[in-house]
Every structure is written in C-alpha cells, then in structure tokens.
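Please have a look at the fold first, and then we can walk through it together.

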Amino acid sequence: MAETHTALLLGASRGLGLGLAREYLARGWHVVATARDPRRAEGLRALENGNGARLRIETLDVTDLGAARALAARLAGTKIDVLFVVAGQLGSGNAPIHAVSAEDAAREFVTNAWAPPSVAEALTPVVAPHASYVFMTSQLGSLANATGATELYSASKAALNMLGIGFSKRHPEHPVLLMHPGWVKTDMGGENAPLDVETSARGMIDTIDKFRGRNGVHYVDYRGQGLPW
Ligand SMILES: NC(=O)c1ccc[n+]([C@@H]2O[C@H](COP(=O)([O-])OP(=O)(O)OC[C@H]3O[C@@H](n4cnc5c(N)ncnc54)[C@H](OP(=O)(O)O)[C@@H]3O)[C@@H](O)[C@H]2O)c1
C-alpha cells in the first residue's frame, strides 16, 4: 500500500496557504488546513470537491494557543509530516513605527513572530519523528538586506527568524525552514508582484522535500536558495 503523507497548514483560507493546500492535494498528500473562519474560506472549501477524505478543514486563530492544543487533541492519532505556519499580517504597511499604535504593533508582532513557534510547539504531539517544521518568513526579515521599508512587518519577520532558531535548538531532530515565498500576487503581495501563487507553492514544496533529513535551521527561499540572516 502506498505511504500516506500529511501536511498541516496553519492559515490556509486564501493566498499562499490556499495555494499550498491545492498543490499538496495535487501531489496526493493528505492535508489538514486551518482557517480562522472556514465559513468565509470559500476557496478552501471548494477544494473539498474531488479531494474527499484527503482534505480536513479545521478552525484556528494562530494567536490562540488553547485552540491549538485543542486541535492537537482532535488530531490525536494523525502523524504530520510537514507542519507549515503560513499565517501572517502586514497591517502596518509602510507606516513608520511611531505612527502605529502599541495595540496594532503588538498584534502584528504576536501574529508574525510569537505565534508561529508557539503554535508549532502546541502541535508537536501530532508531529511525526523527523517531520519538517516550516515558518513563513520573508526576505524583508533579513538584517543583511534591510532597507527600512515596511519596518514593523520586517522587524516582526526578523524576530520570527530569531525565534525559529530558538525553536530549532529545542527540536534538533527536525529540519526547521524559515521560508521566503518570493514576492507573490496575493492580497498581501498585491498585483505588481512578479510571481503567481502556483509557482511559489510548487517551489516551496520542492524546497521542503529537498531539505527533508537536513536537521537544523535553514533560512531559504521558494527556489531552495539560502538567504543571508
Ligand atoms: N505575498 C507575498 O509576497 C509574501 C512575501 C513574503 C512573505 N509572505 C508571507 O506569506 C504568508 C502568507 O501571506 P499571503 O501573501 O498569502 O497573505 P494574504 O493573502 O494576506 O493571507 C494571509 C493569511 O494569513 C491568515 N491569517 C492572518 N492572521 C491570522 C491569524 N491570527 N490566525 C490565522 N490565520 C491568520 C489569513 O486568514 P484570514 O483569511 O482569516 O484573514 C490569510 O489566510 C504571510 O506570513 C506573509 O507574511 C508573503
């Protein structure tokens, strides 16, 4: 019997998360995809047609650790081969830091930096030995290439990179990828982005495959190329 592989995608209601769900299903994987409000995730629900039992949709706000632990309990018995935290927000846009309220800054930091490793930790009970953890970061989080643009968002992704290193030290028996998807046409990336979701999703999944078994932390883009911290 063919081996079953399962991806758990956190933040798959639209954009890159939805594209990853579509591509994993096309490759024959089982997918557990989460959305804050599945009733509003029409694109994700449309994937149920034809994929039957291979797609399971769950509700999760990645900033809610209690809900993540409850999800782990519901998934007991499932073995996740790839846990990918995709969710992120660019609420502050290009606003300078002093023009963003403390509450809005905290929300962006909590979503982009604190939540991914925290929610991944809550889900470790259902993660297979040697599975891959992937956190969606950005090249804007690279200190080596800092431009000062989108400064709060970029700082939150730089913080995610640091927290991903910490996560990897606690889980040395797994590959931990800090993934830059490219600049992609989504609600966040906008119409001028050069890449479509399908190309980015295919590249990210090929990159995750390529790094299977390569334990430790890797800051890479969707083509599998290393990025400077
Ligand atoms: N597009 C790009 O060019 C680009 C480049 C570099 C990095 N990224 C990163 O790629 C990831 C996906 O971005 P995207 O371009 O697909 O953006 P998007 O189209 O704006 O989608 C953002 C996704 O994150 C989800 N989300 C936000 N906050 C959440 C929360 N608290 N809990 C659960 N889900 C939450 C959204 O869910 P709702 O539908 O419920 O709002 C949505 O599914 C982000 O981490 C982003 O920073 C994107």
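This is a predicted model: local features need pLDDT of at least 70, side-chain atom pairs count only at pLDDT 80 or more; totals for chains, interfaces and linings use all residues.

Helices (H or I, at least four residues) and strands (E, at least two) are DSSP runs, numbered from the N terminus. Residues are numbered from 1 along each chain as its sequence is written, and side-chain values use heavy atoms, with hydrogens and water left out.

- Leu178 is buried, with a relative accessible area of 0%; buried means under 20%, exposed over 50% and partly exposed in between (1.4 Å probe, protein chains only).
- Leaving aside neighbours within four places in sequence, the contacts of Leu178 include Phe135, Leu160, Val217, Tyr219 and Trp229, where contact means heavy atoms within 4.5 Å.
- S6 and S7 pair in the parallel sense over six bridges; two strands pair if DSSP finds at least two bridges between them.
- In this pairing, Leu177 stands opposite His218 in S7.
- Strand S7 (residues 216–221) has five of its six residues buried, so it is largely enclosed by the rest of the structure.

**Nonpolar cores**

- A nonpolar core is a set of buried Ala, Val, Leu, Ile, Met, Phe, Trp, Tyr and Cys residues joined through side-chain atoms within 4.5 Å.
- The largest one has 34 residues, and Leu9, Leu20, Tyr24, Leu44, Phe84 and Met179 touch the most other members.
- Among the elements that each supply at least two residues of this core are strand S1 (6–10), helix H1 (15–26), S6 and helix H6 (197–210).
- H1 gives the most to this core, with six residues.
- Apart from it lies another core, of 31 residues, among them Ala120, Val126, Ala131 and Tyr133.

**The ligand site**

- There are 28 residues around the ligand, of which Ser13, Arg14, Arg36, Tyr153 and Thr186 come nearest; a residue counts as near if one of its heavy atoms lies within 4 Å.
- An N or O atom in the side chain of Ser13 is 2.6 Å from an oxygen atom of the ligand.
- For Arg14, a polar side-chain atom lies 2.8 Å from a ligand oxygen atom.
- The protein covers 94% of the 900 Å² of accessible area that the ligand has on its own, by the Shrake-Rupley method with a 1.4 Å probe.

Technical notes:
A polar contact is a pair of N or O atoms within 3.5 Å; within protein, one must be able to donate a hydrogen and the other to accept it, and residues adjacent in sequence count only if both atoms are side-chain atoms.
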